[in-house]
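Try each task before you read its solution.

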Amino acid sequence: MTPNLPDSEDYAYPKVHNSTTDITNGHILGFSTRAIHVGQSPDPTTGAVIPPISLSTTFAQDGIGVHKGFEYSRSGNPTRQNFEQAIAALEKADYAIAFSSGSAVTTTIVTALAQGGHAIIVNDVYGGTYRYFTKVAATQGIRSTFLDLLDPQNIENAFQADTKLVWIETPTNPTLRLVDIHAVARITHQHNAILIVDNTFMSPYFQNPLDLGADIVAHSVTKYINGHSDVVMGVAATKNKFIYDKLAFFINAMGSVPSPFDAWLANRGLKTLALRMRQHENNAMAIARALEGHDSVEEVIYPGLESHPQHALAMKQMKGFGGMISFRIKGGFQEAETFLKNTKLFTLAESLGGVESLAEHPARMTHASLSEESRLAVGVTDNLIRLSIGIEDVEDLLVDVVNALEKAVPRV
Ligand SMILES: *Cc1c(COP(=O)(O)O)cnc(C)c1O
């Protein structure tokens, strides 16, 4: 696919190639082996099994312009590059670029690839992405159309002559609606536009959008990839050299790079991603079933339940169902608030994807900036509660949820 964009500037960002086949002579390594080994060769000078954090901002040159691939740390950093190589290997990409936050991934992609044009975005996209398109990109001449994509054919009529990109998220937040990545990719490419999938909720372990036809996969590393709620970072990966060169030029020019220390922590988190995701999912499935069977619950939304309206699509395009659950408690705001005040292990907090369980009220917290009308249009009612299921012992989480439910909706 050749996107209809201007030529990219020639810029020597250190190339990040997927090295999986290099180290195995053609045998494709499993997910955890890649997560643990790619970009993590022992340090050649000391033998340190864990590569040291490279904090230096500048790199010695043997002669003018003669160096080992690094000149200045904004333009390229060894610790960051190690992380990028691992992500490229896990998303089955050829290239990956790490950013200072998930939001910096968005701003850099939109600035680099949608200049002076039009973008189509799924209507219940992450709040910060919505804010960026409507309040920032709009002031830079980028026009946006927000669309319900439950039916991917809806997108067909939204293309304009200068539509440059389509931005989707699946499952969406907080109502966990799915978008058919393969179907949207096919239509997007017929219109010579680029498809970006924000894969934060699934992580590379449960969904690989590039395999389904997406051109760029984006992550807020802050969530599952780092997984320990102690780093804000982002990453984008692609197989397309044109897109890569463009993003590499823009990240260096815009300066939206992560610190080496954060890249190192995120790489450490990444090594246990498969273990964590499996546990998030096992726990989430048990809690979703318990909620579904409970009298005080009106509706449970979890793609792994047969009752999810798009369960069949989930089985087709995802390799697992993840750790996010939303549910509607019987009653309204009062009952939701009482539930959230009474959990002992689930902490009342925004964000998601960490080892610890969190609970929040989308209408008053993560989605408070939406108008009441748009909130209700995407199903964010006052009795909706979002859970980020951690990897604690599931028996404890179940007791916590059931206790809080009994306090919130007393039996008559
Ligand atoms: C958190 C999040 C972002 C933004 O990432 P930051 O690291 O907070 O800037 C983008 N998309 C999704 C789906 C998110 O959950």
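**Exercise 1.** Which residue forms a salt bridge with Asp180, and how far apart are the closest N and O atoms?

*Solution.* Keep in mind that this is a predicted model. Start at Asp180. Its salt-bridge partner is Lys316. The closest N and O atoms are 3.8 Å apart. The cut-off for a salt bridge is 4 Å, so this pair qualifies. The domain assignment gives domain 1 as 21-270 and domain 2 as 274-408. Finally, count: the rule finds one salt bridge across the interface of these two domains.

**Exercise 2.** Describe the polar contacts and the side of domain 1 that touches domain 2.

*Solution.* First, take the pairs. Second, look for helices. H1 (31-37), H6 (203-206) and H8 (260-270) each supply at least two residues to this side of domain 1. H6 gives the most, with three residues. Third, sort by class. This side has 17 nonpolar, 13 polar and five charged residues.

**Exercise 3.** How much area do domain 1 and domain 2 bury between them?

*Solution.* Begin with the spacing. The domain centres, taken over C-alpha atoms, are 27 Å apart. Then take the contacts: 35 residues of domain 1 meet 39 residues of domain 2. The buried area is about 3000 Å², with 59% of it on carbon and sulfur atoms. Leu178, Phe206 and Tyr224 supply 26% of the area that domain 1 buries against domain 2, more than any other three residues.

Terms used
Residues are numbered from 1 along each chain as its sequence is written. This is a predicted model: local features need pLDDT of at least 70, side-chain atom pairs count only at pLDDT 80 or more; totals for chains, interfaces and linings use all residues. Side-chain values use heavy atoms; hydrogens and water are left out. Domain bounds come from an automatic or database domain assignment. Contact means heavy atoms within 4.5 Å. Buried area is the accessible area (1.4 Å probe) that two parts lose on being put together, summed over both. A salt bridge is a side-chain nitrogen of Lys or Arg within 4 Å of a carboxyl oxygen of Asp or Glu. Helices (H or I, at least four residues) and strands (E, at least two) are DSSP runs, numbered from the N terminus. Ala, Val, Leu, Ile, Met, Phe, Trp, Tyr, Cys and Pro count as nonpolar, Asp, Glu, Lys and Arg as charged, and the others, Gly among them, as polar.
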